[in-house]
Amino acid sequence: MKFGQEATSGDLVISASAPEKVTEFGMTQACSTVTYKNNGSSPASFNPFDWKFTTPAGVEASASIPFNAGAKALNSGQLAPGGTTSGMICGDQQTTDVNAVKYAPSFSVSDPITWTN
């Protein structure tokens with residue numbers, strides 16, 4: 001799937017933007033803005049740790065929150081039916097060359113979804 005395109009995972013419609021390098025406090029992270037929309041009839045959970053970054057060398061790293069406290073980080077929580085939320089997720093300092101972003105929630109029966117160029 002191309003960056004920015006929407007995908008469906010259960011009742012959620014999600015997307016991930018192309019990663020950008022963000023430097024703050026002398027540290028650089030690759031960051032992507034992800035968006036969720038709940039099309040279901042019950043609350044759905046969201047969490048930054050459901051996301052992973054992949055480098056061209058094939059290294060997969062878990063996402064975390066941005067170093068920059070001023071950035072709109074994706075928090076975790078419950079999304080009401082019909083609700084939307086978005087926020088930034090980032091890789092660690094060693095994962096700055098990123099060519100794919102993957103949504104792979106830990107407790108889901110849905111297949112992972114990967115965005116690339």
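**Figure 1. Ser15 in strand 2.** Ser15 is found in strand 2, residues 12–16. Strands are DSSP runs of E with at least two residues, helices are runs of H or I with at least four, and both are numbered from the N terminus. The model is predicted: local features need pLDDT of at least 70, side-chain atom pairs count only at pLDDT 80 or more, and totals for chains, interfaces and linings use all residues. Residues are numbered from 1 along each chain as its sequence is written, and side-chain values use heavy atoms, with hydrogens and water left out. Ser15 counts as buried, at 13% relative accessibility. Buried means under 20% relative accessible area, exposed over 50%, and partly exposed in between (1.4 Å probe, protein chains only). Not counting residues up to four places away in sequence, Ser15 touches Gly4, Gln5, Glu6, Thr33, Val34, Thr35, Trp51 and Trp115. Contact means heavy atoms within 4.5 Å.

**Figure 2. The aromatic cluster.** Ring pairs link Tyr36, Phe46, Trp51, Tyr103 and Trp115 into a cluster. Rings of Phe, Tyr and Trp (its six-membered ring) pair if their centres lie within 6.5 Å; planes under 30 degrees apart count as stacked, over 60 as edge-to-face and the rest as tilted. By this rule the protein has 5 aromatic pairs. One of them joins Tyr36 and Trp51, edge-to-face, at 6.2 Å centre to centre and 90° between the planes. Tyr36 lies in strand 4 (residues 27–38) and Trp51 in strand 6 (residues 51–54), so this pair ties together parts that are 15 residues apart in sequence. Tyr36 is buried, with a relative accessible area of 0%. Trp51 also counts as buried, at 0% relative accessibility.

**Figure 3. Tyr36 and Tyr103.** The ring centres of Tyr36 and Tyr103 are 6.2 Å apart and the planes stand at 80°, so the pair is edge-to-face. Tyr36 belongs to strand 4 and Tyr103 to strand 10 (residues 100–103), so the pair ties together parts 67 residues apart in sequence. Both Tyr36 and Tyr103 are buried.

**Figure 4. Phe25 in a loop.** Phe25 lies in the loop between strand 3 (20–24) and strand 4. The phi of Phe25 is near 55°, a positive value in a residue other than glycine. Most residues other than glycine have a negative phi. Is Phe25 buried or exposed? Phe25 is exposed, with a relative accessible area of 63%.

**Figure 5. Thr28 and its contacts.** Thr28 lies in strand 4. Thr28 counts as partly exposed, at 23% relative accessibility. Leaving aside neighbours within four places in sequence, Thr28 is in contact with Lys21, Val22, Thr23, Asp92, Gln93 and Thr96.

**Figure 6. Gln93 between strands 9 and 10.** Gln93 sits in the loop between strand 9 (84–90) and strand 10. Gln93 is partly exposed, with a relative accessible area of 37%. Which residues does Gln93 contact, leaving aside neighbours within four places in sequence? They are Gly26, Met27, Thr28 and Phe67. Gln93 and Glu6 are 87 residues apart along the chain, and their C-alpha atoms are separated by 28 Å.

**Figure 7. Ala18 between strands 2 and 3.** Ala18 lies in the loop between strand 2 and strand 3. The relative accessible area of Ala18 is 34%, so Ala18 is partly exposed. Ala18 touches Phe3 and Cys31, not counting residues up to four places away in sequence. Ala18 and Ser86 are 68 residues apart in sequence and 14 Å apart in space, C-alpha to C-alpha.

**Figure 8. The whole chain, for orientation.** The protein has 0 helices and 11 strands. The radius of gyration is 14 Å, close to the 13 Å that the globule rule gives for 117 residues, so the protein is as compact as a globular protein of that length. This radius is taken over C-alpha atoms, and the globule rule is 2.2 Å times the number of residues to the power 0.38. The C-alpha trace spans about 45 × 30 × 25 Å along its principal axes. Of the 117 residues, 39% count as buried. Among contacts between residues at least 6 apart in sequence, 64% join residues at least 24 apart.
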